[in-house]
Amino acid sequence: MLKVESLNVGYGKFHIVFDVSFEVKERSIFTIVGPNGGGKTTLLNGIMGIATVFSGRVLLKGQDITHLPPHQKARLGIGYMAQTDNIFPGLTVIENLLMAAYGLPESVARDRMETVFTYYPVLKRRTGQKARSLSGGERQMLAISMTLMRDPDVIMLDEPTSGLAPILAKDLLKKIAAMRDELKKTVLLVEQNVKAALEISDDAMLLVSGRSEFVGKAQALLSDEALGRKYLGVK
Amino acid sequence: MVELSALLIEIGNVITFVTVVLALNLMAGYAGIPNFGMAIFVYTGAFVVGALSVRFALLLLAALEPAALEALLGKPAYKPYVGDMSLVEIALFKSMEPTINRSLIPELSAVLSQKALVAVAVLLFTFLVATVLGVFVGVISSYAAVRLKEDYLAIALLAFSEMMVQVFFAQTDSVAGGRYAVYAPNVWPSELSSIAAALPPAVKPELKIGLLLAIALALVTYLYAERIANSPMGRALRAMRDDEFALSTYGRDIPAMRLRVMMLGGAITALAGVVYAMSFQPVIKATDYTRLTWTFIPWAMMIVGGMANNLGVVLGAVVIYVGRKVLEFSLPELFDLLRSVGIGPEGAAVDVLRAVAPNIFVGVIILLMLYLRPKGLLEERPGRTLGGRLRDLMEKFSR
Amino acid sequence: MVLPSFEFLLSSAAAGAALALLSMGVTLTYMTTRVSNFAHATMAITGAVTTLILLDRIFAGFRDSPLYYGLFIVAPIVAALVVGALAVIMYLVAIRPLIRKGTSLIGLMIATLAFDIILNNLLTVVLQLTPAQTVGRLLEANVKGYLVAIYVPLVGYIYPHRLLLPLIALLVAVGLHLFLTRTPFGISMRASIENPQLAKIIGIDIERIYVVSWFLSGATAGMAGSLLAFEMPGISPAAAYLYIVSIFAGSIVGGINSIYGALAGGFLVGSMEAIVPVMLSDLYQLLTGSYVDILRYQRMFSFLLLILVLLVAPEGLAGIKWRGIRRG
C-alpha cells in the first residue's frame, strides 16, 4: 500500500533520516519505534512532504508521490495525525471537522461526520464549541476524527497516546487495531508505548539516529532481547 | 572648470553614501535592526547645518561682535518681515524667512571667514550638536519598539521618518529647511580657505575642504566599523541578529544593545548629513531627504554589496550610485537610438522616463539580488560567531 | 467651540472607513504570508489613478447624462480588480520566490519596498501621460447639475456620494466576516492562518489561500483608493508616502494579528486624524484668539498613537482582555 524506498529526509540543510526503506502492507499496522530524536517524526513528515526529501521515493498504491505537495497527498488518501498542534484551537469542533474534509462535497462531509460521531459521541455534544475549550482527551479524539474525515487508505499516527492517561492510551490502541480490522485501514504508527504498540502491530521498524536498525515482523522485534534491551527498555 | 566641480560634487555624494551605508550596515547588517528610517538621520545633520548652526553663529556674533550682527540683520530691506524685533529676536525667529535667509547666508559666510574664532566655534558646535541629535533621534525613533520583534521595529522606524519629514515639510517658517529651502553657510576661516585654494584641483576651496572632510569621516567610520565587527561587541551583535532568544538567555540585554547601536549609527549618519549639507547640497529642503534617496538607496547599496561586510557595502555604494548616473545620462542616447528605428518615446515622456528609470532600476536590482545573490557581491566573512561556526559545521557534515 | 457639522463628521468617517480598509489589507497579508507590505499605500494610489483614467478616458464622454453617476459604481469595482490582480502579480513574482528561498523577514520587507519604488515610479509615468490630475475638480466641472445635495431634516444638506466610502467599508467588513465564518474557503483561510502546516496536512491548498489573500488585500486597497480619489485634492504617487504611516498605525493599533482589530484600528486612526487636529485648532483659537493650522501635522497623531500602543499594549486593541477590564 505504502512503500518507502531509501528515503533521505531532513530540514533545510540538516540531514536527519538516512536511507530508510520499508513497506506497509494493505490492512496492516506498521509501527516505527526507537529512541527520542531518532528521526521518527521527521520520517513521517518526509513522507507527507512537510520535511525536505533529499533522495529516495515514496509510493502510494504504486504511484510515486514523493514530491507532491502535502495537500495533494492528503487528497490522494494519506491521513496524518501529527503529534502536537494537530487541531485548530480557534475553530469550532465542527469547523475543524469540515476543514479536514475540505474539498469534498458537503453531503459526503456530513456523512463522514456522522460516522465519526458514532466513534466519539462526546464530540457531537461539542460541535459548536471552540476546540481550545476541549480537554486533552477530547482534543486527541478530535485530531483522530479529523484524520478519518477523508476516509484515507493510509493513516499515519505520530505518538497518538502521548499525554493520555494509561487507561485511555490502552483504549486508543484498541481503536487503532479496530481501524485495521473493522475499517480495513492501513496504519503507519509511531509509538513510545513500545510493548503495547508492537502487540497490535503486524510489522515494525526500529529507527536509531536516523538509520533503520531493524525491519520485520513486530513479534520478532518484540522478542529480540538484544535490541529490546539496548534501545527500547523492554525486558 | 564647471564640469570638474560637478564631478567632485558627485564624488562627494558617493562618499556621503559610503558613510551612510556603513552606518546602516552597523545597524541592519550586524545588529539586525531594520532601519527603514535612515532618511531622518541624514536630515538631522542637514537640519543642524541649516537651522541651528546659523542661529548659533548669529548669537555668538551678538555676544562678541555686535557691530557685525547689526550690519547683517539691521537692514532696512528686512523691515517688512521683522517689524520692530530686536536683533537677537530676528536671529532666532526670522533668520529662516526665505527672503532674509537668501541674502543673509552669503554675508554671514563672508563674516565668518574673517573671524576665525567664531567660525571654529560654529564648526565645533555643528558637529557636536549633530552628534547629540543623531544619538537622540536614534533613541526616540526606536525606543518604543526595541523590545519587540523586528517587524514592529521596521514599521516604527519607517513611520517615524515619514512622519518627521511631513512635519518638517509643513513648516513654512521659524524652524528651517522645511517647505522652502534654507542655505548652508560657509564656516571655513579664510586661513583654511587659502590653504585649500592653493591645492590642486582648481575648484572652490570649500568644496575641497568638504571632500577631505567627507573622506575623513568615511575612513574613520570604516575603520571603526571594522573594529566593532571584529570585537566582542560585534560578535554579540551578530549573535543577537542570528538568534535573539539564545543571546538573551545568556544574560545580554537585547533592547539596551539595540538602543546603543541606534545611537551610534544615528550619530554617524547625522554627521554624514552635516558634511553633505555643508559641502555638496548647500540648499537644504526637508523634501529632498526622501525615503527613496536616503533610506531605500542606502538599503539597495547594502544589499548589493553584502550585508555585514563593510568592504562589500562600500563597493555596493559605488556600484549603485555609478549605475544610476550612467543610466540617467545614457538614456537620452538610448531613446535617440530607439527613435531612429521608430519606437522611442517622444516629448514629455522622455524626461519622465529619464527621471524614473534610475529608481526602477534600483527596485529591480534589489529584487534580483535578493533572489539570485542574497548575500551580496561580497559575502559576510563567516565563522566568527558561535552560531555561524555551528552552522558551517552542520553544512560541512550534511554534504 | 462650534459643534462639528454633519458634513465634517461624514468626511471624517470617510477617512476612517478608507483607512479601515487599508489597514485590514496590510494585516491580511501579514497574517497569511508574514509579509509587511510597504507597497500597500502605493496600491491604494493605483486605485485612485485607475479611477482618474476611467473618468478621463471614458466617463468624461457622458458628462451630460445621468450615466455619469455610473463612475461611482464602476470605478471602485474596476480599481478593485486591477489592484487585486496587481497584488497577486506582486506576490507571485516578487514575494513567493523569496519566501520559498527562505528569505528573512527583513529581506521580504525590503522586497516590498523595492516593489513600492517600482510601482510608484510607474504611476508617475502614467500620471504624466494623463492630462487630468484631479478627480475632485474634474468631477466638479463635469458633474454640475448632477451632484445634488439632499436636504435631511435636523442634519442639513448632504452629498449622497460622500456616504459611499463608509457604506462600502461597512459592507466589506460585514462581507468579510460572513466570508470568514460561513464559507468553507473563508474558514480554511482562518485555519491556514492558525496553523499552516496542519492545514496542508489535512488537505488544504494553502498556496491558493495565499494568492486569494493577496488578491483581497489588493482589491480592498484599490477600492479604498478609488473612493479616496473623490476626496483628495489631487492625486500623486507621492501621496502614498502620506498614507503609509497611518495604514501601519491602524494595523498595529488594532493588533497586527487580527483582521477585525485592523478594521477597528484603521477606522480609529483615520477618523481621529481628521477630527483631532481640527478640534485642537479650534481650541487653540478659542484660547488664544489666533488661528493655527494643526491639520498639517495630522500624521503626527497617528504616529503618536502607534508609539503609545507599542509601549503600552503591543498586541493592540485585539490583544486587550476586554472582559477582564470590564470586570475591573
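# Helix packing and chain contacts

In helix 3 of chain A, A:Ile94, A:Leu97 and A:Leu98 meet A:Ala109, A:Arg110, A:Met113 and A:Phe117 of helix 4 of chain A (contact means heavy atoms within 4.5 Å; helices are DSSP runs of H or I with at least four residues, strands are E runs of at least two, both numbered from the N terminus). This is a predicted model, where local features need pLDDT of at least 70 and side-chain atom pairs count only at pLDDT 80 or more, while totals for chains, interfaces and linings use all residues. As for bookkeeping, residues are numbered from 1 along each chain as its sequence is written, chains are lettered from A and ligands numbered from 1 in the order in which they are written, and side-chain values use heavy atoms, with hydrogens and water left out.

**Helices 3 and 4 of chain A**

- Sorted by class, the residues where helix 3 of chain A touches helix 4 of chain A come out as 6 nonpolar, no polar and 1 charged (Ala, Val, Leu, Ile, Met, Phe, Trp, Tyr, Cys and Pro count as nonpolar, Asp, Glu, Lys and Arg as charged, and the others, Gly among them, as polar).
- Helix 3 of chain A spans residues 93–100 and helix 4 of chain A spans residues 106–119; their axes come within 10 Å and cross at roughly 120° (axes are lines fitted to C-alpha atoms, for helices over the stretch in contact, with angles from 0 to 180 degrees between N-to-C directions).
- These two helices of chain A are therefore oblique to each other (under 35 degrees is roughly parallel, over 145 roughly antiparallel, 65 to 115 roughly perpendicular, and the rest oblique).

**Where chain A meets chain C**

- Chain A puts 22 residues into the contact and chain C puts in 19 residues.
- About 1,800 Å² is buried between chain A and chain C, and carbon and sulfur atoms give 65% of that (buried area is the accessible area, with a 1.4 Å probe, that two parts lose on being put together, summed over both).
- On the chain A side, the residues losing the most area to chain C are A:Phe88, A:Met99 and A:Tyr102, which together give 34% of what that side buries.
- There is 1 salt bridge between chain A and chain C (a side-chain nitrogen of Lys or Arg within 4 Å of a carboxyl oxygen of Asp or Glu).
- A:Glu95 and C:Arg190 pair up through their side chains in a salt bridge, at 3.1 Å from N to O.

**Where chain C meets chain B**

- Here 42 residues of chain B are in contact with 41 residues of chain C.
- Chain C and chain B bury about 3,900 Å² between them, with carbon and sulfur atoms giving 79%.
- Within chain C, the most area lost to chain B belongs to C:Ile106, C:Ile110 and C:Phe303, together 15% of what that side buries.
- The salt bridge count between chain C and chain B is 1.
- C:Asp116 forms a salt bridge with B:Arg291, and the closest N and O atoms are 2.5 Å apart.

**Inside chain C**

- Helix 11 (residues 259–288) and helix 12 (residues 298–312) of chain C have axes that come within 9 Å and cross at roughly 125°.
- That angle makes helix 11 of chain C oblique to helix 12 of chain C.
- The crossing of helix 11 with helix 12 of chain C is right-handed.
- From helix 11 of chain C, residues including C:Leu268, C:Met272, C:Glu273 and C:Leu280 meet residues of helix 12 of chain C, among them C:Arg299, C:Phe301 and C:Leu305.
- The contact of helix 11 with helix 12 of chain C has 9 nonpolar, 2 polar and 2 charged residues.
- C:Phe8 sits in helix 1 (residues 6–33) of chain C, and C:Phe8 touches C:Ala274, C:Ile275 and C:Val278, leaving out residues up to four places away in sequence.

**Inside chain B**

- Helix 3 (residues 66–73) and helix 5 (residues 87–94) of chain B cross at roughly 55°, with axes that come within 10 Å.
- That makes helix 3 of chain B oblique to helix 5 of chain B.
- Helix 3 and helix 5 of chain B cross in the left-handed sense.
- B:Leu69, B:Glu70 and B:Leu73 of helix 3 of chain B make the contact with B:Leu87, B:Ile90 and B:Ala91 of helix 5 of chain B.
- By class, the residues in the contact of helix 3 with helix 5 of chain B are 5 nonpolar, no polar and 1 charged.

**Backbone spots to look at**

- Most residues other than glycine have a negative phi.
- A:Lys61 isn't a glycine, yet has a positive phi of about 50°; A:Lys61 is in the loop between strand 4 (52–60) and strand 5 (63–64) of chain A.
- B:Ala308 isn't a glycine either, with a positive phi of about 60°, and B:Ala308 lies in the loop between helix 14 (291–305) and helix 15 (310–340) of chain B.

Key:
Left-handed = near helix turned anticlockwise from the far one by under 90°.
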